[in-house]
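Hi there,

Here is the structure I promised to pass along. Have a look at it first, and then read on for what turned up in it.

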Amino acid sequence: MKSSNKPALKVLETKASSKFVPPKQDPKTSEQGPIGDYYSKILHDLGEDPSREGLLRTPYRAEKAIKFLTCGYTQSIDEIVNEALFSAENDDMVVVKDIEYYSLCEHHILPFFGRVHVGYLPNKKIIGLSKIPRIVDVFARRLQVQERITQQIADTLMEVLEPRGVAVVSEAQHFCMMMRGVEKQCSSTVTSAMLGEFRSNKATKDEFLSLIRSSLR
Ligand SMILES: [Zn+2]
(Lines give C-alpha, C1' and ligand atoms only; values in the text may rest on other atoms or scores of the structure.)
Protein backbone atom coordinates (compact mmCIF):
# COMPACT_ATOMS: atom_id res chain seq x y z
CA MET A 1 0.00 0.00 0.00
CA LYS A 2 1.24 3.47 -0.87
CA SER A 3 0.79 6.62 1.15
CA SER A 4 -1.79 7.84 -1.39
CA ASN A 5 -4.37 6.32 0.98
CA LYS A 6 -4.31 9.35 3.21
CA PRO A 7 -6.12 12.08 1.26
CA ALA A 8 -8.91 9.62 0.40
CA LEU A 9 -9.47 8.96 4.09
CA LYS A 10 -9.73 12.66 4.75
CA VAL A 11 -12.45 13.04 2.12
CA LEU A 12 -14.37 10.16 3.67
CA GLU A 13 -14.36 11.83 7.08
CA THR A 14 -15.77 15.12 5.86
CA LYS A 15 -18.51 13.49 3.79
CA ALA A 16 -19.66 11.27 6.63
CA SER A 17 -20.15 14.22 8.94
CA SER A 18 -21.99 16.36 6.39
CA LYS A 19 -25.77 16.36 6.30
CA PHE A 20 -27.41 13.91 3.89
CA VAL A 21 -29.11 15.63 0.97
CA PRO A 22 -30.60 13.13 -1.48
CA PRO A 23 -29.15 13.59 -4.98
CA LYS A 24 -31.67 15.04 -7.42
CA GLN A 25 -33.51 12.42 -9.46
CA ASP A 26 -34.94 13.25 -12.84
CA PRO A 27 -38.60 12.36 -12.18
CA LYS A 28 -39.16 11.48 -15.83
CA THR A 29 -36.36 8.96 -16.16
CA SER A 30 -35.83 7.71 -12.62
CA GLU A 31 -37.49 4.46 -11.66
CA GLN A 32 -35.77 4.49 -8.30
CA GLY A 33 -38.04 3.45 -5.46
CA PRO A 34 -37.75 3.77 -1.68
CA ILE A 35 -35.12 1.02 -1.45
CA GLY A 36 -32.89 3.03 -3.79
CA ASP A 37 -33.36 6.07 -1.56
CA TYR A 38 -32.17 4.02 1.42
CA TYR A 39 -29.09 2.94 -0.54
CA SER A 40 -28.36 6.57 -1.31
CA LYS A 41 -28.44 7.34 2.44
CA ILE A 42 -26.23 4.32 3.18
CA LEU A 43 -23.67 5.55 0.61
CA HIS A 44 -23.65 8.94 2.31
CA ASP A 45 -23.31 7.46 5.80
CA LEU A 46 -20.42 5.29 4.61
CA GLY A 47 -18.63 8.53 3.75
CA GLU A 48 -19.33 8.48 0.03
CA ASP A 49 -20.73 11.22 -2.14
CA PRO A 50 -23.89 9.74 -3.72
CA SER A 51 -24.03 12.61 -6.21
CA ARG A 52 -20.66 11.87 -7.81
CA GLU A 53 -20.88 10.59 -11.36
CA GLY A 54 -19.96 6.95 -10.75
CA LEU A 55 -22.54 6.58 -7.98
CA LEU A 56 -25.40 8.52 -9.49
CA ARG A 57 -27.28 5.45 -10.75
CA THR A 58 -25.90 3.08 -8.08
CA PRO A 59 -28.88 3.28 -5.68
CA TYR A 60 -31.19 2.49 -8.60
CA ARG A 61 -29.04 -0.44 -9.74
CA ALA A 62 -28.59 -1.72 -6.18
CA GLU A 63 -32.36 -1.61 -5.67
CA LYS A 64 -32.92 -3.58 -8.86
CA ALA A 65 -30.27 -6.11 -7.85
CA ILE A 66 -31.54 -6.69 -4.31
CA LYS A 67 -35.09 -7.03 -5.60
CA PHE A 68 -33.96 -9.69 -8.07
CA LEU A 69 -31.90 -11.51 -5.44
CA THR A 70 -34.94 -11.68 -3.16
CA CYS A 71 -37.64 -12.27 -5.79
CA GLY A 72 -38.33 -15.71 -4.30
CA TYR A 73 -40.64 -14.02 -1.79
CA THR A 74 -43.14 -13.26 -4.53
CA GLN A 75 -42.94 -16.52 -6.48
CA SER A 76 -45.35 -19.35 -6.03
CA ILE A 77 -44.45 -23.04 -6.00
CA ASP A 78 -47.92 -23.87 -7.33
CA GLU A 79 -47.33 -21.82 -10.48
CA ILE A 80 -43.98 -23.50 -11.10
CA VAL A 81 -45.21 -27.02 -10.47
CA ASN A 82 -48.50 -26.47 -12.29
CA GLU A 83 -48.78 -28.76 -15.35
CA ALA A 84 -45.34 -30.26 -14.74
CA LEU A 85 -46.48 -33.29 -12.75
CA PHE A 86 -46.79 -36.53 -14.69
CA SER A 87 -47.93 -39.98 -13.75
CA ALA A 88 -45.29 -42.69 -14.04
CA GLU A 89 -44.97 -46.42 -13.45
CA ASN A 90 -41.24 -46.14 -12.91
CA ASP A 91 -40.36 -46.20 -9.22
CA ASP A 92 -36.58 -46.01 -9.50
CA MET A 93 -34.67 -43.28 -7.76
CA VAL A 94 -34.48 -39.97 -9.63
CA VAL A 95 -31.37 -37.89 -8.95
CA VAL A 96 -30.63 -34.36 -10.16
CA LYS A 97 -27.10 -33.29 -9.27
CA ASP A 98 -25.11 -30.07 -9.29
CA ILE A 99 -27.92 -27.54 -9.30
CA GLU A 100 -26.15 -24.19 -8.84
CA TYR A 101 -27.69 -21.66 -6.52
CA TYR A 102 -26.95 -18.18 -5.22
CA SER A 103 -28.46 -16.86 -2.04
CA LEU A 104 -28.02 -14.19 0.63
CA CYS A 105 -27.28 -15.04 4.25
CA GLU A 106 -29.89 -13.57 6.52
CA HIS A 107 -27.35 -12.59 9.18
CA HIS A 108 -25.12 -10.34 7.07
CA ILE A 109 -27.00 -9.95 3.74
CA LEU A 110 -23.87 -11.29 2.05
CA PRO A 111 -23.94 -13.92 -0.69
CA PHE A 112 -23.51 -17.61 -0.20
CA PHE A 113 -23.47 -19.89 -3.20
CA GLY A 114 -23.09 -23.52 -3.99
CA ARG A 115 -24.75 -26.57 -5.42
CA VAL A 116 -27.59 -28.76 -4.40
CA HIS A 117 -28.17 -32.44 -5.16
CA VAL A 118 -31.72 -33.76 -5.08
CA GLY A 119 -33.05 -37.31 -5.12
CA TYR A 120 -36.51 -38.77 -4.77
CA LEU A 121 -38.26 -42.13 -4.97
CA PRO A 122 -41.39 -41.70 -7.12
CA ASN A 123 -44.74 -42.94 -5.99
CA LYS A 124 -46.70 -42.89 -9.29
CA LYS A 125 -45.86 -39.19 -9.81
CA ILE A 126 -42.81 -37.51 -11.32
CA ILE A 127 -41.97 -33.87 -11.92
CA GLY A 128 -40.48 -32.23 -15.04
CA LEU A 129 -36.75 -32.16 -14.32
CA SER A 130 -36.33 -28.49 -15.19
CA LYS A 131 -38.75 -27.62 -12.38
CA ILE A 132 -36.42 -28.78 -9.63
CA PRO A 133 -33.82 -26.01 -10.25
CA ARG A 134 -36.67 -23.51 -10.37
CA ILE A 135 -37.93 -24.70 -6.97
CA VAL A 136 -34.36 -24.32 -5.66
CA ASP A 137 -34.28 -20.70 -6.89
CA VAL A 138 -37.59 -19.83 -5.22
CA PHE A 139 -36.01 -20.61 -1.86
CA ALA A 140 -32.48 -19.41 -2.68
CA ARG A 141 -33.64 -15.95 -3.76
CA ARG A 142 -34.53 -14.83 -0.27
CA LEU A 143 -32.63 -14.01 2.89
CA GLN A 144 -31.67 -17.46 4.01
CA VAL A 145 -29.60 -19.87 6.00
CA GLN A 146 -28.28 -22.89 4.13
CA GLU A 147 -29.93 -25.38 6.49
CA ARG A 148 -33.37 -23.89 5.79
CA ILE A 149 -33.04 -23.89 1.98
CA THR A 150 -32.10 -27.56 2.12
CA GLN A 151 -35.10 -28.41 4.30
CA GLN A 152 -37.55 -26.27 2.29
CA ILE A 153 -36.59 -27.96 -0.99
CA ALA A 154 -37.07 -31.38 0.61
CA ASP A 155 -40.40 -30.46 2.24
CA THR A 156 -41.73 -28.94 -1.00
CA LEU A 157 -40.92 -32.01 -3.09
CA MET A 158 -42.43 -34.21 -0.39
CA GLU A 159 -45.62 -32.18 -0.53
CA VAL A 160 -46.08 -31.87 -4.30
CA LEU A 161 -44.86 -35.32 -5.34
CA GLU A 162 -45.95 -37.42 -2.34
CA PRO A 163 -43.00 -39.66 -3.08
CA ARG A 164 -41.64 -42.52 -0.96
CA GLY A 165 -38.80 -40.29 0.06
CA VAL A 166 -36.74 -37.20 -0.71
CA ALA A 167 -33.04 -36.50 -0.18
CA VAL A 168 -31.40 -33.10 -0.51
CA VAL A 169 -27.72 -32.37 0.04
CA SER A 170 -26.41 -28.85 -0.33
CA GLU A 171 -22.87 -27.52 -0.21
CA ALA A 172 -22.05 -23.85 -0.16
CA GLN A 173 -19.41 -21.24 0.44
CA HIS A 174 -20.32 -18.20 2.49
CA PHE A 175 -18.97 -14.73 1.77
CA CYS A 176 -19.56 -13.75 5.38
CA MET A 177 -16.93 -16.37 6.28
CA MET A 178 -14.66 -15.70 3.29
CA MET A 179 -14.53 -11.89 3.32
CA ARG A 180 -14.97 -11.15 7.00
CA GLY A 181 -15.06 -12.98 10.34
CA VAL A 182 -12.88 -16.07 10.16
CA GLU A 183 -11.78 -15.29 6.56
CA LYS A 184 -11.58 -18.90 5.52
CA GLN A 185 -11.69 -18.97 1.73
CA CYS A 186 -11.73 -22.69 1.11
CA SER A 187 -14.14 -24.06 3.68
CA SER A 188 -17.49 -25.26 2.44
CA THR A 189 -20.55 -26.13 4.46
CA VAL A 190 -22.63 -29.21 3.74
CA THR A 191 -26.23 -29.59 4.90
CA SER A 192 -28.67 -32.39 4.19
CA ALA A 193 -32.33 -33.29 4.61
CA MET A 194 -33.43 -36.94 4.35
CA LEU A 195 -37.14 -37.75 4.36
CA GLY A 196 -39.18 -40.95 4.05
CA GLU A 197 -37.22 -43.98 2.86
CA PHE A 198 -34.01 -41.97 2.64
CA ARG A 199 -34.27 -41.60 6.39
CA SER A 200 -35.62 -45.03 7.31
CA ASN A 201 -33.66 -47.19 4.85
CA LYS A 202 -29.88 -47.03 5.09
CA ALA A 203 -29.37 -48.79 1.72
CA THR A 204 -31.49 -46.15 -0.05
CA LYS A 205 -29.62 -43.32 1.60
CA ASP A 206 -26.26 -44.94 0.77
CA GLU A 207 -27.30 -45.42 -2.86
CA PHE A 208 -28.14 -41.72 -3.13
CA LEU A 209 -24.91 -40.66 -1.44
CA SER A 210 -22.85 -42.88 -3.74
CA LEU A 211 -24.62 -41.38 -6.80
CA ILE A 212 -23.70 -37.84 -5.74
CA ARG A 213 -20.29 -38.66 -4.28
CA SER A 214 -18.39 -37.71 -7.44
CA SER A 215 -20.01 -34.26 -7.24
CA LEU A 216 -19.14 -33.54 -3.62
CA ARG A 217 -16.04 -31.45 -3.03
ZN1 LIG B 1 -23.63 -14.56 7.23
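Leaving aside residues up to four places away in sequence, Ile 153 touches Val 116, Val 118, Ile 135, Val 136, Phe 139 and Val 168. Please keep in mind that this is a predicted model.

Ile 153 belongs to the largest nonpolar core, which has 28 residues. Val 116, Val 118, Val 136, Ile 153, Val 166, Ala 167 and Val 168 are the ones with the most contacts inside this core. Two or more core residues come from each of β2 (94-105), β3 (111-121), α5 (131-140), α6 (146-161), β6 (165-174), β7 (189-196) and α9 (202-212). The largest share is that of α5, with 6 residues. As a general point, nonpolar side chains in soluble globular proteins tend to be buried together.

Now to the strands. β3 is mostly covered, with 8 of its 11 residues buried, and it pairs with two strands that also give residues to the core, β2 and β6.

With β2, the pairing is antiparallel and runs over 9 bridges. Here Ile 99 has Val 116 in β3 as its bridge partner. The two strands form a hairpin with 5 residues between them, and in the turn Ile 109 has a positive phi of about 50°.

With β6, β3 again pairs in the antiparallel sense, over 10 bridges. If you want a spot to look at there, Phe 112 stands opposite His 174 in β6.

Happy browsing, and write back with any questions!

Best wishes

Note on methods:
Residues are numbered from 1 along each chain as its sequence is written. This is a predicted model: local features need pLDDT of at least 70, side-chain atom pairs count only at pLDDT 80 or more; totals for chains, interfaces and linings use all residues. A nonpolar core is a set of buried Ala, Val, Leu, Ile, Met, Phe, Trp, Tyr and Cys residues joined through C-beta atoms within 7 Å. A residue is buried if 20 or more other C-beta atoms lie within 10 Å of its own, exposed if 12 or fewer, and partly exposed in between; C-beta atoms are placed from the backbone. Helices (H or I, at least four residues) and strands (E, at least two) are DSSP runs, numbered from the N terminus. Two residues are in contact if their C-beta atoms, placed from the backbone, lie within 7 Å. Two strands pair if DSSP finds at least two bridges between them.
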